[in-house]
Amino acid sequence: LTFYYDFSSPWTYLGNQKINGLLKSLAPIQVSVEWVPVLVGAIFKEIGTPVVPMLEIAAAKRVYGMQDLQDWISDAGRIPYRMPTVFPIRSVSALRVAIVNKSDELRDVIFKAAWADNRDISKDEV
């Protein structure tokens, strides 16, 4: 399974939080995961999408999209989630660290810092 992620995405945070439980539920089938960090902002720029697409869509659709995310988080159970006060998240440095250090623990810590602890992961000291 290839899992593309960016620390700036609440959807990949949610996926990161849920994937281990999902994989355990498949036992005895074993699935290996290739974690691939991607810079979503660069992809958006390349294809001509706004950096934060949710801010460019109609208000009703934006409200629905945020409610949909909240519903998924609620359904997921005890996943801590807090919309960061600094958004969009500049994830370039954190993604570079993830490229060098591929540990699950580090990836989890960075996601948690951004989406549960409201820490600005663009800052080197975080």
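**Close-up views of the predicted model**

**View 1. The largest pocket of this predicted model has a volume of about 730 Å³.** Its lining is made up of 32 residues, of which Ser8, Val51, Val52, Phe87 and Pro88 are the closest to the pocket centre. Strand 1, helix 1, helix 2 (40–47) and helix 3 each give two or more residues to the lining. Helix 3 has the largest share, 5 residues. By class, 22 of the lining residues are nonpolar, 6 polar and 4 charged.

**View 2. The largest nonpolar core has 24 residues.** Tyr5, Phe7, Tyr13, Tyr81, Phe111, Trp115 and Ile121 have the most contacts inside this core. At least two core residues come from each of strand 1 (2–5), helix 1 (10–25), helix 3 (59–76), helix 4 (92–100) and helix 5 (104–115). Helix 5 contributes the most, 5 residues. Beyond its neighbours within four places in sequence, Phe7 is in contact with residues including Ala94, Leu95 and Ala98, as well as Phe111, Trp115 and Ile121.

**View 3. Helix 4 has buried residues at Ala94, Leu95 and Ala98.** These lie on the same side of helix 4 because they cover an arc of only 100° around the axis. Strand 1, strand 2 (34–37) and helix 5 are among the elements that cover them. Arg96 and Val100 are exposed, on the face turned away from the buried side.

**View 4. The second largest pocket has a volume of about 200 Å³.** Helix 4 and helix 5 each supply at least two residues of its lining. Among the lining residues are Ala94, Ile110, Arg119, Ile121, Lys123 and Asp124. The lining divides into 7 nonpolar, 2 polar and 3 charged residues.

Methods. Residues are numbered from 1 along each chain as its sequence is written. This is a predicted model: local features need pLDDT of at least 70, side-chain atom pairs count only at pLDDT 80 or more; totals for chains, interfaces and linings use all residues. Side-chain values use heavy atoms; hydrogens and water are left out. A nonpolar core is a set of buried Ala, Val, Leu, Ile, Met, Phe, Trp, Tyr and Cys residues joined through side-chain atoms within 4.5 Å. Buried means under 20% relative accessible area, exposed over 50%, partly exposed in between (1.4 Å probe, protein chains only). Helices (H or I, at least four residues) and strands (E, at least two) are DSSP runs, numbered from the N terminus. Contact means heavy atoms within 4.5 Å. The arc is that of the directions from the helix axis to the C-beta atoms. On a 1 Å grid over the protein atoms alone, a cavity is a set of points where a 1.4 Å probe fits but cannot get out, and a pocket is an open set with protein on both sides within 12 Å along at least five of seven lines; lining residues have an atom within 4 Å of a point. Grid points are joined across faces, edges and corners, and a volume is the space filled by probe spheres set on the points. Ala, Val, Leu, Ile, Met, Phe, Trp, Tyr, Cys and Pro count as nonpolar, Asp, Glu, Lys and Arg as charged, and the others, Gly among them, as polar.
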